[in-house]
Structures are given as C-alpha cells and as structure tokens.
Amino acid sequence: LLLQLPEPALLATITFGKFHKVHVCNLKEFRVLVGPEEGSLREVLHSGLRNDADAETFSLIGLSDPLVPVRFVKIVPLAAHG
C-alpha cells in the first residue's frame with residue numbers, strides 16, 4: 001500500500017485500526033517505509049500487530065533519527081495471522 005500525502009509532513013506515529021474482532025486477516029508482520037520521493041524510501045518500522053480488535057499506534061521516531069518531511073508512506077504486509 002503506497003500513500004502519497006498531499007504535502008510533505010513530519011510523521012511521528014502511525015496507527016492501525018483493525019476488524020471489530022479477532023480475524024485471520026489481521027497483520028502479523030509488516031514494514032513501513034517513508035521518503036520524500038517514491039524512489040527514495042527508507043524503512044522506519046518493522047513490527048507486527050496483535051490479533052485483537054484494539055487499534056495499535058507505533059512510533060516512527062528513532063533516538064538518532066531527525067524528523068524529516070516525507071511525502072510517501074509505504075506499508076508492506078509480510079504475514080497475516082491466518
């Protein structure tokens with residue numbers, strides 16, 4: 001899933017909503033890549049979601065990473081719970 005933001009933004013967190021109950025299609029593992037251009041994306045998160053109905057928020061800020069304006073956000077699903 002590739003999202004193009006209407007204008008550059010400083011992304012600090014990303015939140016994933018889920019189906020209203022446990023579901024086999026919930027993401028078990030995924031990656032998030034961001035960048036100012038589609039061809040220059042860098043990975044900022046490699047994680048997974050719990051198989052429940054609660055939304056989860058992840059920080060995209062590392063202690064050594066400065067906030068940089070991004071225009072593209074790519075979410076790469078790697079595995080589902082089912």
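Mentor: The account below begins with the aromatic rings and then turns to their surroundings. This is a predicted model, in which local features need pLDDT of at least 70 and side-chain atom pairs count only at pLDDT 80 or more, while totals for chains, interfaces and linings use all residues. Residues are numbered from 1 along each chain as its sequence is written, and side-chain values use heavy atoms, with hydrogens and water left out.

A pair of aromatic rings is described by the distance of the centres and the angle of the planes. Rings of Phe, Tyr and Trp (its six-membered ring) pair if their centres lie within 6.5 Å; planes under 30 degrees apart count as stacked, over 60 as edge-to-face and the rest as tilted. The structure holds three aromatic pairs. One of them joins Phe16 and Phe30, a tilted pair with 4.7 Å from centre to centre and 50° between the planes. This pair links distant parts of the chain, since Phe16 is in strand β2 (residues 13–16) and Phe30 in strand β3 (residues 27–35), 14 residues apart. Strands (E, at least two residues) and helices (H or I, at least four) are DSSP runs, numbered from the N terminus.

Phe16 counts as buried because its relative accessibility is 10%. Phe30 is buried as well, with a relative accessible area of 0%.

Phe16 also pairs with Phe58: the ring centres are 6.1 Å apart and the planes stand at 75°, so this pair is edge-to-face. Because Phe16 lies in strand β2 and Phe58 in strand β5 (residues 56–59), the pair ties together parts that are 42 residues apart in sequence. Both Phe16 and Phe58 are buried. Together, Phe16, Phe30 and Phe58 form one aromatic cluster.

The surroundings of Phe16 can be described through its contacts, where contact means heavy atoms within 4.5 Å. Not counting residues up to four places away in sequence, Phe16 touches Phe30, Val32, Leu49, Ala55, Glu56, Phe58 and Ile75. A nonpolar core is a set of buried Ala, Val, Leu, Ile, Met, Phe, Trp, Tyr and Cys residues joined through side-chain atoms within 4.5 Å. The largest such core has 14 residues, and those with the most contacts inside it are Ile14, Phe16, Phe30, Val32, Leu45, Leu49 and Phe58. Strands β2, β3 and β6 each supply at least two residues of this core, and β3 gives the largest share, four residues.

Strand β3 also belongs to a sheet. Two strands pair if DSSP finds at least two bridges between them. Four strands form an open sheet in the order β1-β6-β3-β4, with antiparallel pairing. Its edge strands, β1 (2–9) and β4 (42–47), each pair on one side only. Inside this order, β3 and β6 are joined in the antiparallel sense over eight bridges. Phe30 has Pro77 as its bridge partner in β6.

Gly62 lies in the loop between β5 and β6 (70–80), and at 25% relative accessibility it counts as partly exposed.

Terms used:
Buried < 20%, exposed > 50% of the residue type's maximum accessible area, 1.4 Å probe, protein only.
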